[in-house]
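Morning, everyone. Please bring up the structure on your screens, and I will walk you through it.

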Amino acid sequence: MTSRDRVLQVIQHKEPDRLPLFKPNTIDTYEPFDERIQDFFDHFEFDRLAGLGGIGGSPSARRQLSDDTFEDAYGCRFQYKGVGLPYCVHSPLANAQSVEEIEDFPWLDPKTPDLIAPDAKEKAREISERGEFATSVGVPGMLFHQYHYLRGFEQWMIDIKLNPDIHRAIADHLHHIHSTLVLRLLEEVGEYTDIVSTGDDLGTSTSSYMSPPDFKDFIKPYYQDLIGRIKTRFPHIKFSLHSHGQIMDLVPDLVECGVDILNPILPLDNMDPVRLKREFGDKLSFEGGIDIEHVLLYGSVDQVKEHVKKVIDILAPGGGFLFKAQAISPLIPVDNVLTTYKLGLEYGRYDR
């Protein structure tokens with residue numbers, strides 16, 4: 001079975017030969033990784049998604065200003081602080097006080113012809129015809145992240161409660177830009193696309209950033225519109241959302257919006273895999289589920305084995321589970337990483 005066949009069967013809630021096994025993200029620090037990790041990355045046969053690309057000059061793409069400073073097309077500036085991803089240190093709309101100031105901001109015109117690569121369709125066709133991997137297109141920036149980069153995180157929260165007109169003005173512009181870009185691209189490559197994916201961290205490890213009623217009012221309409229337009233035009237496409245945080249109260253709304261795959265459902269975020277599988281397992285596929293913050297970081301090899309088997313037993317039956325240790329850093333013992341994926345390969349077989 002090819003990786004593509006395996007992934008497509010799983011997200012259609014069928015059982016393939018084994019679980020799809022996705023490579024962990026790496027968290028950069030000043031401490032280097034053990035050389036065995038690189039050897040593992042080089043030789044383990046991971047499943048993956050083949051990105052179709054095609055958006056040239058994405059507004060969320062960052063150009064490097066110095067060794068540790070970056071800037072996106074909106075003018076948001078980011079600085080690397082020694083671990084993880086660069087942090088936003090400059091929000092160009094932080095001091096805006098009115099809708100008029102929002103409208104006067106130099107927003108990108110998403111209909112600019114050269115934003116979609118002229119050879120996007122041909123390249124997508126070539127990748128699809130190889131048939132090796134499932135294909136994906138990314139939505140740049142979606143809404144949550146880009147909004148708080150533009151406005152500042154605290155001001156974003158204030159806008160929800162005190163400045164709803166400003167929030168809608170900014171959100172309308174972001175939604176127009178990002179949805180126009182991805183739908184323009186899909187007109188070229190949609191027939192070759194299996195998954196459209198995006199990322200918006202919707203919560204902390206204890207709760208979502210906003211109440212379900214506020215999510216319904218301020219965020220859900222944009223998700224519903226974009227995903228609905230994609231699926232109306234291309235019914236075969238699945239939609240994948242990456243969101244950290246304890247967002248159990250938002251999952252029903254995400255399902256209503258048309259989200260098909262949810263990542264990373266981390267135990268530290270109190271995302272209960274038993275409840276998720278029981279209540280949403282016929283509608284959602286889950287990617288992740290492995291405890292990278294406690295078990296992989298501090299546990300023994302035997303504890304890792306016990307944990308990984310438990311996660312597979314809960315999430316794998318009936319399909320709908322894409323196996324991934326979401327992210328690793330040099331702090332996680334190498335043996336724990338290797339054990340996790342060895343078990344995913346062996347214990348994650350449906351014919352065992």
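This is a predicted model: local features need pLDDT of at least 70, side-chain atom pairs count only at pLDDT 80 or more; totals for chains, interfaces and linings use all residues.

Eight strands form an open sheet, and their order is 1-13-12-11-10-9-8-3. The pairing is parallel. Which strands sit at the edges? They are strand 1, residues 21–22, and strand 3, residues 49–51. Each of these pairs on one side only.

Helix 1, residues 3–11, packs on this sheet. Among the strands it touches are strand 1, strand 3, strand 8 and strand 13. The direction of helix 1 makes about 125 degrees with that of strand 13.

Now look inside the sheet. Strand 9 and strand 10 run parallel, joined by five bridges. There, Gly 199 stands opposite His 242 of strand 10. Move on to strand 11, residues 261–263. Strand 10 pairs with strand 11 in the parallel sense, over three bridges. His 242 has Asn 263 as its bridge partner in strand 11. Leu 241 stands opposite Leu 262, again in strand 11. How does the chain cross from strand 10 to strand 11? It goes through helix 10, residues 251–257, and this β-α-β crossover is right-handed.

Three bridges join strand 4 to strand 5. Arg 63 stands opposite Glu 71 in strand 5.

On to helix 6, residues 153–162. Which residues are buried here? Trp 156, Asp 159 and Ile 160 are. They cover an arc of only 100 degrees around the axis, so they lie on the same side of helix 6. On the other side, Glu 154, Lys 161 and Leu 162 are exposed. What covers the buried residues includes helix 5, helix 7 and helix 8.

The structure holds 18 aromatic pairs. One of them is Phe 153 with Trp 156, and this pair is edge-to-face. The centres are 5.3 Å apart, with 75 degrees between the planes. Why are Phe 153 and Trp 156 separated by about one helical turn? Because they are three residues apart in helix 6. An α-helix has 3.6 residues a turn, so residues three or four places apart point the same way. Trp 156 has 1%, so it counts as buried.

Another pair is Phe 215 with Tyr 223. The ring centres are 6.3 Å apart and the planes stand at 55 degrees, so this pair is tilted. Both Phe 215 and Tyr 223 are buried. Phe 40, Phe 41, Phe 44, Phe 46, Phe 321, Phe 323 and Tyr 341 form one aromatic cluster.

Last stop, Gly 141. It lies in the loop between strand 8 and helix 5. Finally, Gly 141 and Ala 61 are 80 residues apart in sequence, and their C-alpha atoms are 9.0 Å apart in space.

Conventions. Residues are numbered from 1 along each chain as its sequence is written. Side-chain values use heavy atoms; hydrogens and water are left out. Helices (H or I, at least four residues) and strands (E, at least two) are DSSP runs, numbered from the N terminus. Buried means under 20% relative accessible area, exposed over 50%, partly exposed in between (1.4 Å probe, protein chains only). The arc is that of the directions from the helix axis to the C-beta atoms. Contact means heavy atoms within 4.5 Å. Two strands pair if DSSP finds at least two bridges between them. Axes are lines fitted to C-alpha atoms, for helices over the stretch in contact, and angles run from 0 to 180 degrees between N-to-C directions. A crossover is right-handed if, with the strands pointing away from the viewer, the path from the first strand over the helix to the second runs clockwise. Rings of Phe, Tyr and Trp (its six-membered ring) pair if their centres lie within 6.5 Å; planes under 30 degrees apart count as stacked, over 60 as edge-to-face and the rest as tilted.
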